[in-house]
Amino acid sequence: MPNNTEQAALKPNIIFFMTDQQRWDCIGRYNSHIHTPNIDKLTAQGITYSQAVCQAPMCVPSRTSMMFGYYPSQLGVRTNHGGLYDEDKLPSDPLPELMRQAGYQTAGFGKTHWNHGVKNPVPSTRGFEVRAVGLSRDSGHYEDGAVMMGDAEPEGLAAYYEETKDYGGGEENSKGYLGCTSQVPTPWHRDGWVAEQCLKFIDEGLDESRPLFLYLSFLKPHAGFNVPKEFEELYDINEIPDIAQPPWELEQGTHLAATDAVNESSQINYWEKRHVWETMTPEERKRTTLRYWANCSWLDDYLGKALEKLEQQGRLDNALIVFVSDHGEMLGERQHRFSKYCLYESSVRVPMILAGSYLPQGKQGTVDDRPAELVDLVPTLSKAAGLPVNPQLPGLDLLGETQRLGTFCEFHGKGAEPHHSAPALMWRKQDYKLIMYMPGKLGEAIGRIGEFQGELYDLAADPNEWHNVYADENYARVRERMTGELLMHLACVWSRGPVFYDRHGLAAME
């Protein structure tokens, strides 16, 4: 009989790296300007999923969907104001709990954005045995059993918040996007503190008798752009391209325009930023892009340090490594739009890489152009861990042969219920994208669904999505086919589940 250490070696260590708001094209494979040497090593040693998309273009529904393996609308978590709060009524076990049940030592460092600390006075760590969160206890994201930065390093967190105090909610106002050369020591940044906790754990906390599920998740490159000087200095501002702008001045006849129309704060936020960026010189605008890229480089450096320590500990000899982000960033496109909150390419596409010695031979350094989604990670990692895959999940095994026709993303505006925008749904293929949406608020939509509108983009000819060809009869067959595919995809997904499961994985009705 093999001993515990030999048993652990039979399952791959699963190393999960995640960033926040990193565009799909902000890795070295797709952007020759950007410095991400450690991510580039993963692309050279693994599989890059070139067509990967998130399931919602904002943090909470995207991350919740990814961790549970269901679409946001299946979970009822559609905007950043939502969340799954009740630990006894979860639709299924989230990814870290699945890994724990599979015999893994589970350690989570950094952002999950479950939102469950907002309403649950004693939230669990949802399967993480070791947990560190780079926030304060009163942030609304407190997790009982986690080490909180506000408790462990209050002076550092206070210094970080002092530097970013004028950056607004989520650090996303115009000052947050302008950023600064940070004067805060890197271990006092929230991401720096989290990364240092992770590195310490790799040195001192590994359980040799079990395989490892390690989750390291950052808050950046999401704004604010207060960046350590050494990473700013990787870039020459004269080599940074300015952001191309469309030939039109105002967003009209799109789901983004419809969202703005029902959300006054969204309109105010947009016009405030637009005014600032329109009055800048090209060099001043480039500084924002430079700092965003510098944030990507900084996190890449921490990723490299974690991989180096894991290799020293022998944990990469049998490993499956994931790198992904939760959604993208518009970064000034479409007449100076920033953040996400739309279904356009820069917002919904994400970098997704699987690497490591677990991969089949011949897959190293390859690009997989099949449609891929964040919900594919739960079935992929479950199978790698030796777990049965819940057949109700909409995701597919990324390492399997089955593929879908296209990818799905949903957007319900920025507001809290009952003030959501009516839904906008995306169906994307490599060459075309369809967006179906209702103008107005959700509560008013039922009686006028015949007023639905659409967008269709020929991505091969129009990668910027500036020309909506939905009404162009030359594209009628494409429009009709993609509309039918979207309808049947949703019908099949929603017909399968979720059936709510108890903690033992048995259907509640049984």
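**Helices, sheet and pockets**

Reply: Happy to! Let's start with two helices: helix 9 (residues 190-204) packs against helix 13 at an angle of about 5 degrees, and their axes are 9 Å apart. Keep in mind that this is a predicted model.

Me: So is helix 9 roughly parallel or roughly perpendicular to helix 13?

Reply: Roughly parallel, because the angle of about 5 degrees falls under 35 degrees, the limit for that description, and so helix 9 counts as roughly parallel to helix 13.

Me: Which residues meet there, helix 9 to helix 13?

Reply: From helix 9 come Asp191, Gly192, Ala195, Glu196, Leu199, Ile202 and Asp203. They meet Trp298, Leu299, Tyr302, Lys305, Ala306, Lys309 and Leu310 in helix 13. By class, this contact has eight nonpolar, one polar and five charged residues.

Me: Nice. Switching topic: what is the order of the strands in the open sheet of four strands?

Reply: The order is 14-15-16-17, and the pairing is antiparallel. Strand 14 (407-411) and strand 17 (453-458) are the edge strands, each pairing on one side only. From one strand to the next, the twist averages 15 degrees.

Me: How many bridges join strand 15 to strand 16?

Reply: Five bridges link strand 15 (residues 424-428) with strand 16 (residues 432-437), and the two run antiparallel. Arginine 428 stands opposite lysine 433 in strand 16.

Me: And which helix packs on the sheet?

Reply: That's helix 11 (residues 255-262), which touches strand 14, strand 15, strand 16 and strand 17. The direction of helix 11 makes about 30 degrees with that of strand 16.

Me: Okay, pockets now. What volume does the largest pocket have?

Reply: The largest pocket has a volume of about 680 Å³. Its lining is made of 30 residues, and Lys111, His113, His141, Gly170 and Arg190 lie nearest the centre.

Me: What about the classes in that lining?

Reply: The lining of the largest pocket has eight nonpolar, 14 polar and eight charged residues.

Me: And the second largest pocket, what lines it?

Reply: The second largest pocket, with a volume of about 590 Å³, is lined by 29 residues. Nearest its centre lie Arg23, Asp25, Glu333, Ser346 and Asn464. Helix 13 (282-312), helix 14 (333-336) and helix 15 (345-348) are the elements that give two or more residues to this lining.

Me: How many of its lining residues are charged?

Reply: The lining of the second largest pocket has 10 charged residues, along with 14 nonpolar and five polar ones.

Methods: Residues numbered from 1 in each chain as written. Predicted model: local features only at pLDDT ≥ 70, side-chain atom pairs only at ≥ 80, totals over all residues. Heavy atoms only, no water. 1 Å grid on protein atoms, 1.4 Å probe; cavity = no way out; pocket = protein on both sides within 12 Å on 5 of 7 lines; lining within 4 Å. Points joined across faces, edges and corners; volume = space filled by probe spheres on them. Nonpolar A, V, L, I, M, F, W, Y, C, P; charged D, E, K, R; others polar. Pairing = 2+ DSSP bridges. Axes fitted to C-alpha atoms, helices over the stretch in contact; angles between N-to-C directions. Contact = heavy atoms within 4.5 Å. Parallel < 35°, antiparallel > 145°, perpendicular 65-115°, else oblique.
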